[in-house]
Amino acid sequence: MLCKKNKIAYKSSYKTAKNPGKHYNPLFIYGKTGLGKSHLLHAIKNFIKKKNKNLKVICINSEYFVRKMVKSLRNNSIEKFKKNYRSASILLIDDIQFFSNKQRSQEELFHIFNNLIEKKKQIVLTSDCYPTKLKGIKNKLKSRLDSGLSVSIKPPKKNTRIKILIKKSTEKNIQLPYKIAQYIAKKLKSNIRELEGAINKIHANSILNPNTIIDIKFIKKILKDLFNTKIKKITIKKIQKTVANYYNVKISDIVSKKRSKLIVLSRQISMSLIKKLTKNSLKEIGYYFNQKTHTTVIYSCQKINKLLHSNLKIKKDYIYLLKKLS
C-alpha cells in the first residue's frame, strides 16, 4: 500500500530501525497532519525494541517533553530529567514544531541532541514542515535538526487512496464497490485519516441499516458533511496567498515588519479575513504573521472594519476577496 513518492521515507526509516545510529542521524520526517508520521515513528520504535530488547528507547511527543521538563524545574529534579534523556539509546520525538517559542525547552533539547549524537545514539524526529522552515525555533537547533537526513511524507495518490479504502473496508467486512471507492478517493485527497473516517461512517451506517445498498446516493448522504468540509476548507496560508496575489505583493512582505501603505493594508485585510473565515484563535493568527501579538490582530480587524464603512474602494476589494475565498 506504499505510495511511490513515500518510498524514501519508508526505506530510510527501515534502514534506521535496522541499524540505529549507523546511517541517518538524525532522521527527520516531515509532512502534513494525518499522513502517517507518528505511525512511522512508532513502527521504528517497535522494530528496534523487538530486535534489541536491551536498548533504552524513548518515544514521546514534544508536548510531553516540555511538560515533564517544566515539572522537573519546579521540583528541582532537572538533573534527573537530563540524565534520563541523555542515557537513551534511541530518542524519538513526535511533532517537533510544538517546541516553537519555548526557549528553555529548546536549549535543553539542543544539549541532549548534541550529547546523543556524540555518543552515536539514534535520534528520529517528526514535524509538519522542513527543519529550516520551523517557526519560533532557534537557528542553532534548526541546524542540528537538518544535519542528518530529512524526508517528506506526501498525500497518497488517487490509486493509493482507492487501495486504502478497499483494504480498510475489507477489514471491517464492508463490501465496498470499486466505483464507490473511486468516488470517495476523488473527493478526499488530503490524508489517510479522513479516508479512515469515511470508512468508519460507512461501517456505522451499515450496522444501523444492514440492508442498505452502498451506492453513490448512500455515500453522498452519509459523507455529506465530510465532503462539504473539504470543499469549504479555508486555511490561513490560502487567505494570505489570495490577498497577496490580489494586491500584487509577496506573502513574505505581508508577514514581515514592513510598513509601506499597501503592505500594511494587505496584512490587515488578511488578518480580518482569517478571523472571519477560520476558527483560528487571535494568538494563532498572530503566529502566522511573524509572531505578532493578539492585540495587533485585534487592532487590524478593527481598522479594516472602520475602513469598510468609510472607504468604498477597500469595501469592494474586501467583498471580492471574501467571495473568492468563500
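Q: Lys and Arg count as positive and Asp and Glu as negative, while His and the chain ends are not counted. How many positive and negative charges does the protein chain have, and how far apart are their mean positions?

A: The protein chain carries 76 positive and 17 negative charges, and their mean positions lie 4 Å apart. Each charge is placed at NZ of Lys, CZ of Arg, CG of Asp or CD of Glu.

Q: What kind of model is this, and how are residues numbered?

A: This is a predicted model, in which local features need pLDDT of at least 70 and side-chain atom pairs count only at pLDDT 80 or more, whereas totals for chains, interfaces and linings use all residues. Residues are numbered from 1 along each chain as its sequence is written, and side-chain values use heavy atoms, with hydrogens and water left out.

Q: OK, the overall picture then: how many helices and strands are there?

A: The protein chain has 17 helices and 5 strands, where helices (H or I, at least four residues) and strands (E, at least two) are DSSP runs numbered from the N terminus. Its C-alpha trace spans about 70 × 60 × 35 Å along the principal axes.

Q: And what share of the residues is buried?

A: Of the 326 residues, 43% count as buried; buried means under 20% relative accessible area, exposed means over 50%, and partly exposed is in between, with a 1.4 Å probe and protein chains only. The chain exposes about 19,200 Å², with carbon and sulfur atoms supplying 51% of that area. Such areas come from the Shrake-Rupley method with a 1.4 Å probe, and for residues only the protein chains shown count as cover.

Q: What about contacts, how many join residues 24 or more positions apart?

A: Among contacts with a separation of 6 or more, residues 24 or more positions apart account for 71%, a contact being heavy atoms within 4.5 Å.

Q: Back to charges: which residues gather in the patch of positive charge?

A: Lys32, Lys133, Lys135, Lys154, Lys233 and Lys237 gather on the surface in that patch. Patches are made of residues with over 30% relative accessible area and no salt bridge, and they join like charges within 9 Å or nonpolar side chains (Val, Leu, Ile, Met, Phe, Trp, Tyr) within 5 Å.

Q: Where does Lys135 lie?

A: Lys135 lies in the loop between β4 (122–127) and α6 (139–145), and because its relative accessibility is 35%, Lys135 counts as partly exposed.

Q: How many salt bridges does the structure hold?

A: The structure holds 10 salt bridges, each being a side-chain nitrogen of Lys or Arg within 4 Å of a carboxyl oxygen of Asp or Glu. In one of them, the side chains of Arg86 and Glu108 meet at 3.2 Å, N to O. Arg86 is in helix α4 (residues 78–86) and Glu108 is in helix α5 (residues 103–118), so this pair ties together parts that are 22 residues apart in sequence.

Q: Is Glu108 buried or exposed?

A: Glu108 is buried, at a relative accessible area of 2%, while Arg86 is partly exposed at 24% relative accessibility.

Q: Which other residue does Glu108 meet in a salt bridge?

A: Glu108 also meets Arg104, at 3.7 Å from N to O. Arg104 and Glu108 both lie in helix α5, 4 residues apart, which is about one turn of the helix. Arg104 is partly exposed, with a relative accessible area of 39%. A network of salt bridges links Glu79, Lys82, Arg86, Arg104 and Glu108.

Q: Switching to Asp253: what is it in contact with?

A: With its neighbours within four places in sequence left aside, Asp253 is in contact with Lys258, Ile263 and Arg267. Asp253 and Lys258 form a salt bridge through their side chains (2.8 Å, N to O). Asp253, in helix α13 (residues 251–254), is buried at 13% relative accessibility, whereas Lys258 is partly exposed at 44%.

Q: Last topic, the backbone: which peptide bond is cis?

A: The bond from Asn25 to Pro26 is cis, with omega near 5°, and Pro26 sits in the loop between α1 (7–18) and β1 (27–30).

Q: What is phi of Asn290?

A: Phi of Asn290 is near 60°, a positive value in a residue other than glycine, and Asn290 is in the loop between α15 (282–287) and α16 (294–310). Gln291, also not a glycine, has a positive phi of about 60° and is placed in the loop between α15 and α16. Asn290 is partly exposed at 41% relative accessible area, and Gln291 is partly exposed at 38% relative accessibility.
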